[in-house]
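Here is a quick briefing for anyone opening this structure for the first time. Have a look at the sequence and the model, then read on.

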There are 2 protein chains.
Amino acid sequence: MAKDKKLVEAITSMDVDFAQWYTDVVKKAGLTDYSSVRGCMVIKPAGYAIWENIQKELDRRFKETGVENVYMPMFIPESLLNVEKDHVEGFAPEVAWVTHGGLNPLQERLCVRPTSETLFCDFYKNDIQSYRDLPKVYNQWCSVVRWEKETRPFLRSREFLWQEGHTAHATAEEAEARTVQMLNLYADFCEEVLAMPVIRGQKTEKEKFAGAEATYTIEALMHDGKALQSGTSHNFGDGFAKAFGIQYTDKENKLQYVHQTSWGMTTRLIGAIIMVHGDDSGLVLPPHIAPTQVMVIPIQQRKEGVLEKAQEIQERLGKVCRAKLDDSDKSPGWKFSEQEMRGIPIRVELGPKDIENNQCVLVRRDTREKTVVSLDEVENVVPELLETIQKDMFERAKAHRDAHITDAHNYDEFCDAVENKPGFIRGMWCGDRACEDKIKEETAATSRCMPFNDQEHISDVCVCCGKPAKKLVYWGKAY
Amino acid sequence: MAKDKKLVEAITSMDVDFAQWYTDVVKKAGLTDYSSVRGCMVIKPAGYAIWENIQKELDRRFKETGVENVYMPMFIPESLLNVEKDHVEGFAPEVAWVTHGGLNPLQERLCVRPTSETLFCDFYKNDIQSYRDLPKVYNQWCSVVRWEKETRPFLRSREFLWQEGHTAHATAEEAEARTVQMLNLYADFCEEVLAMPVIRGQKTEKEKFAGAEATYTIEALMHDGKALQSGTSHNFGDGFAKAFGIQYTDKENKLQYVHQTSWGMTTRLIGAIIMVHGDDSGLVLPPHIAPTQVMVIPIQQRKEGVLEKAQEIQERLGKVCRAKLDDSDKSPGWKFSEQEMRGIPIRVELGPKDIENNQCVLVRRDTREKTVVSLDEVENVVPELLETIQKDMFERAKAHRDAHITDAHNYDEFCDAVENKPGFIRGMWCGDRACEDKIKEETAATSRCMPFNDQEHISDVCVCCGKPAKKLVYWGKAY
């Protein structure tokens, strides 16, 4: 029982120490473990099952838009990484270098991919020749390595899992359309599946991806008021094409450069789910992503007929949702705590009295609300309740997010907001990098994005320097 | 049109040069491409889609037996690789070493995983404490790196994709049962899904996995008479547990070592599919694994109503199988060649005359047999035909395999068989490594396995040395 005890021990309250609460939940919900490789994590079954559901749902949505999956090598020769100037500057300081193969030193060292633009370009260079070969809309699921100094499970880790889409198009317009399409796909996925509202917008020059012409982003707000960049989509224009010589002959038989995009989402999303929805009892998983949606927990399971009935209910529920039965020899109280720690959206309590009355008790993980339901109705009620929970979780997260957006009209208001009002700060910006740098240095807030949809003009002047303002920016401290 | 032309150019005949035929098919069916990283391949959409189907089907079968997926780091610290003596001897000579992270040399160099026994052991060491924590039946899908000197797409490549299962059990019996269970799962998968008959058996001491007590294998026969090891399952006993200190307290509160297994299948299987079923027109995919099972090809598609009807048929077929429509502006002849090169099991030809007669023509890829079918019947006939093709392909591969097994009773017969009768050679063995070594050196044949199911006693003496025989062995040249 020693192990069970550990699991349900009180975790640090999120209001006391949010960072420690996060670490506790990750550990006690069985999502990850530390490894002997510093800065790399072990993703355990409960964590990996969430990633599998993310993969399945994203991959389905990708394929509906014509994406095809491929696999590129995990190594990049140093000379290839060096082809595009901005890109290598962005990544070279944080890559892992392979210098020996077997017992022999390599002629040229190889880095472990931090991202694969250069490999896709190297491939497209030969694979694309005519307009008939376009567009290429490729994606790969893999792991990448970035030699971070400070690491935290899911949020920042030397190796992480992701997907990276890399596309090539005949025209600038088509590349731009794909960049936006994928950002919107990411946003819809976060909102519909992860119940996590996001702000869609463009990164400033300072914050954009190394080598990109434009980077679009979705930004989510965590429970502690810090932002998390949750997915990005980059338009490269023809910059990489020119650096790598990726040309095609158009219908008039003229040589043209392709226009490229890339876009990615990572295991970071699991960190986002934890920090948007979790509470002091542990994880709270949105039903659409939960590996187990319903846990059936028998009460007095040794009494005749209880376990059989619980099994029957689990089997019936298993046909309409992802349902499991906890028939271990732990007490019901332990089982409740475990189900709560793991964030399973609904628990079904079923004891001898319930069976007598042909009923069971449904308990929502998110609100703890209990409903008594006839056993005849359980297959109808549970799927509906899962949808209600999904919707409510999104609405609650949105209300929390919206309650944590502060408008700042000048630098005093800005600094006050950073200090006292956790969340996004909306403030106008002159467009100068100097102001971004100053804000970051003095307040630790960064520009999260220039939103697409609500470019209100809340003031005429830059929130930092007071010069004429160009753009509304969402600012905030971020993970 | 230049590119299409390349695709349908005659490929080298398999009887003229099997190795070149293989390379041609891999390239022209669009499965892989070379990369700038020597010895590593780019897996293109047509190749990766086969791998996705392999993954989907294997993963489903794994989970039915209680397997849970996890993810371990891709790096192994040198000291960790060194813990188990036989294991490090087997792998150290062929690993890639990371020596620098970012701009700094690492304190300890890390190898890129060639396989992950050591990482799983390191994890289990802490994660397993009581008998309640057992069994652990974990698997991961990832890529691994082995610094091979000679490489060929799918068959031998410095990086390849695979799954690796790693389990820990309370007893030796349970570990043995899991080792056999997974080997049988692999064998059933190969036979039912890839239409590829396999011999199930045990590897000799010489050929077993580095660190294993016993290695079980499935061996398939390629069209050219060479064997391909297609999946292996290892029983480690408590060897790794003792080296790593993986202990649990049993029900009597006594410390015990766990018993472990591992098992893996790789992208090699795609090479096997090619070499078992392919022909001089290209790939021939078994329907159960084919990403596209049916290609609808309109004839005279510009004539009124043809394209619409073809689309309708594709949509109707799309509900009962994986069907696509080739409505590109190539000629029907090109499209036929492409469909054949890509190994799509059935093509549906549909022209104005067919439509007039409310019919279409189904052409099997494997036999080229044509059937005229009423359009009213097409959704019923096609799925049945796919099953027939699957079954026929297995039977043909089995007949070919069985026709290429030669019994050798002495060394002369053995050498004659290696020289003149491509395929498996069944021959008795005394159990001495010296005989295996001699056979390998003099004939290039190796012991493939000691079969489980047909341990006939075909002779009293070893086929090599003439001493008393212990075991029947399948021998052969292998990939």
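**Cis prolines and the rest of the tour**

B:P135 sits in the loop between α6 and β7 (136–145) of chain B; helices (H or I, at least four residues) and strands (E, at least two) are DSSP runs, numbered from the N terminus. Keep in mind that this is a predicted model, where local features need pLDDT of at least 70, side-chain atom pairs count only at pLDDT 80 or more, and totals for chains, interfaces and linings use all residues. Residues are numbered from 1 along each chain as its sequence is written, chains are lettered from A and ligands numbered from 1 in the order in which they are written, and side-chain values use heavy atoms, with hydrogens and water left out.

**Cis peptide bonds**

- In chain B, the bond running from B:L134 to B:P135 is cis, and its omega is near -5°.
- Over in chain A, a cis peptide bond links A:L134 and A:P135, with omega about -5°.
- A:P135 belongs to the loop between α6 (117–127) and β7 (136–145) of chain A.

**Where the two chains meet**

- On the chain B side, 60 residues are in contact with 60 residues of chain A, contact being heavy atoms within 4.5 Å.
- About 4700 Å² is buried between chain B and chain A, and carbon and sulfur atoms give 59% of that; buried area is the accessible area (1.4 Å probe) that two parts lose on being put together, summed over both.
- The rule picks out 6 salt bridges across this interface, each a side-chain nitrogen of Lys or Arg within 4 Å of a carboxyl oxygen of Asp or Glu.
- You can look up a salt bridge between A:K63 and B:E52, where the closest N and O atoms are 2.9 Å apart.
- Strand β5 (residues 96–101) of chain B gives the most to the side of chain B that touches chain A, namely 6 residues.
- Sorted by class, that side of chain B has 33 nonpolar, 10 polar and 17 charged residues. Here Ala, Val, Leu, Ile, Met, Phe, Trp, Tyr, Cys and Pro count as nonpolar, Asp, Glu, Lys and Arg as charged, and the others, Gly among them, as polar.
- Strand β5 (residues 96–101) of chain A pairs with β5(B) in the antiparallel sense over 5 bridges; two strands pair if DSSP finds at least two bridges between them.
- Within that pairing, A:V98 has B:V98 as its bridge partner in β5(B).

**Buried spots**

- Helix α9 (residues 268–277) of chain A is mostly covered, with 10 of its 10 residues buried. Buried means under 20% relative accessible area, exposed over 50%, and partly exposed in between (1.4 Å probe, protein chains only).
- Among the buried residues of α9(A) are A:R268, A:I270, A:M275 and A:H277.
- B:L119 is part of helix α6 (residues 117–127) of chain B, and B:L119 counts as buried because its relative accessibility is 4%.
- Leaving aside residues up to four places away in sequence, B:L119 touches A:V37, B:M72, B:P73, B:F75, B:I76 and B:L80.
- B:L119 and B:F75 are 44 residues apart in sequence, yet 8.7 Å apart in space, C-alpha to C-alpha.

**Positive phi without glycine**

- A:N358 is not a glycine, but has a positive phi of about 55°.
- You will find A:N358 in the loop between α12 (352–356) and β18 (359–364) of chain A, and A:N358 is partly exposed at 29% relative accessible area.
- A:A444, also not a glycine, has a positive phi near 70°.
- A:A444 lies in the loop between α15 (433–443) and β22 (446–451) of chain A, and with a relative accessible area of 46%, A:A444 is partly exposed.
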